[in-house]
Amino acid sequence: MPSSATDYDVLIAGSGLAGLAMAASLTVDARGLRIAIAAPDVEIAHPGEQLGLRVSAITPASARLFSPVGAWDSMPATHCQPFASMRVWDAATDCGDGICFDAAQFTVPALGYIVDNAMLRWQLFDVLSRHPTVDLLGARITALRHDDRAVHAATDSGERVTARLLIGADGRGSRIRSLAGITVKGWDHDQTAVVAHLVSELVHERCALQRFLPDGPMALLPLAADRVSLVLSTTPEHAADLQAASTEEFNAEVSALSDHVLGRLSLDSERAAFPLVSQYALEPIAPRTALIGDAAHAIHPLAGQGANLGFGDVQALSMIVASAQRNGADIGDAPLLRRFRRMRKTDNLGMLYGLDLINRLFARSDGRLADLRRLGMRWFARNTMAKQLAASHAM
């Protein structure tokens with residue numbers, strides 16, 4: 001690889017939420033670092049007024065990441081709906097007999113926010129496109145090498161870039177992970193997520209709903225006005241049937257699956273579906289390289305924590321880089337990257353395997369297990385301390 005190249009402090013591969021949030025956080029925590037974002041789709045158009053199909057349940061901790069960078073207060077209310085309560089129940093019980101979390105119980109204004117991914121991504125892009133120390137490279141990294149002082153990257157546009165730290169935020173099929181020689185472990189859930197926006201007959205009252213069904217969990221996430229976002233994890237065959245169903249058939253099916261807790265549900269968008277897999281990088285770090293977000297870990301969507309795990313990576317790595325900068329240390333030094341790995345390992349792997357266990361547990365229809373599960377849910381619903389611990393961790 002030729003030696004003539006543009007030098008940066010940090011090179012970020014990927015322009016999804018994790019990559020853009022990483023760059024934005026560094027502009028606040030580690031001011032003065034020269035940052036480049038490399039991705040073919042790094043130039044992002046405004047998504048318009050229509051709500052995108054992909055939404056995320058953002059925790060208050062994640063929301064605090066976006067205020068200092070200027071990407072939160074300008075989010076349109078139509079694309080960012082706070083939710084004040086959450087109800088969880090399974091197919092063997094009524095909604096009222098399930099587990100309820102309420103913001104008032106924990107003296108917080110909201111348990112979280114249902115956010116349009118496309119709009120949040122644009123807000124971050126808008127901030128970064130005007131920042132003097134950030135360059136947007138509309139190119140994909142195709143080759144890497146590293147030495148004691150830097151990572152050297154080549155792109156498909158012919159650009160050559162060096163950086164003290166490379167951050168892979170390029171998604172589940174991460175090219176950076178592959179180029180860095182990092183092994184990934186994963187498994188297929190044999191489930192497909194069907195997503196759509198619906199109009200509910202009854203007012204959702206800013207309550208997020210999740211019902212565990214034998215084929216997988218169903219979530220109804222509150223949006224602005226009387227709309228909800230559907231995330232239904234089910235068998236690939238059932239998902240295909242729902243995709244092919246008429247609007248009336250689809251409405252009747254999802255209304256029945258929700259036990260009509262919000263009355264009749266009516267389709268108010270296109271439908272989409274995507275297969276569900278869980279995976280994680282055996283080592284989220286390599287020489288002068290760190291993986292964040294889906295490049296490092298992809299989890300089942302049943303608790304809506306995928307984006308938040310990525311933002312947790314952002315907050316941890318940004319803090320480490322900022323501390324190194326203040327102390328005059330090398331921001332790509334191996335001990336710092338190992339510290340990042342230690343900080344995130346418990347949360348990331350605990351969430352990944354915990355959600356897989358919950359998904360498998362609720363999919364079991366054995367009568368004795370269902371009875372035990374129901375007793376456990378009733379105990380949890382009545383145990384204030386257990387609920388508080390769970391809610392505190394989730395928020």
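## Crossing of H1 and H7

In this predicted model, the crossing of helices H1 and H7 is right-handed, the term for a near helix turned clockwise from the far one by less than a right angle, with anticlockwise being left-handed. The contact is made by Leu17, Ala18, Ala21, Met22, Ser25, Leu26 and Asp29 of H1 and by Phe311, Val314, Leu317, Ser318, Val321, Ala322, Gln325 and Arg326 of H7; contact means heavy atoms within 4.5 Å.

H1 covers residues 17-29 and H7 residues 306-326, and their axes come within 9 Å and cross at roughly 30°. Axes are lines fitted to C-alpha atoms, for helices over the stretch in contact, with angles from 0 to 180 degrees between N-to-C directions. H1 and H7 are therefore roughly parallel to each other, as angles under 35 degrees count as roughly parallel.

## The chain and the basis of the values

The protein chain has 10 helices and 20 strands. These are DSSP runs, numbered from the N terminus: helices are H or I with at least four residues, strands E with at least two. Buried residues (under 20% relative accessible area, 1.4 Å probe, protein chains only) make up 52% of the 395 residues. Among contacts between residues at least 6 apart in sequence, 76% join residues at least 24 apart.

Residues are numbered from 1 along each chain as its sequence is written, and side-chain values use heavy atoms, leaving out hydrogens and water. Because the model is predicted, local features need pLDDT of at least 70 and side-chain atom pairs count only at pLDDT 80 or more, while totals for chains, interfaces and linings use all residues.

## Nonpolar cores

A nonpolar core is a set of buried Ala, Val, Leu, Ile, Met, Phe, Trp, Tyr and Cys residues joined through side-chain atoms within 4.5 Å. The largest has 55 residues, and Leu124 and Ile292 have the most contacts inside it. Apart from this core lies another, of 27 residues, among them Ala84, Val88, Leu111 and Tyr280.

Beyond its neighbours within four places in sequence, Leu124 is in contact with Leu17, Leu20, Ala21, Ala24, Phe66, Val69 and Ala71.

## Arg288

Arg288 is found in the loop between strand S18 (285-286) and strand S19 (289-291). Arg288 counts as buried because its relative accessibility is 6%.

The side chain of Arg288 reaches the backbone oxygen of Asp148 at 2.7 Å. With the side chain of Asp330, the Arg288 side chain makes a polar contact at 2.5 Å. A polar contact is a pair of N or O atoms within 3.5 Å; within protein, one must be able to donate a hydrogen and the other to accept it, and residues adjacent in sequence count only if both atoms are side-chain atoms.

Note on methods
Buried < 20%, exposed > 50% of the residue type's maximum accessible area, 1.4 Å probe, protein only. Parallel < 35°, antiparallel > 145°, perpendicular 65-115°, else oblique.
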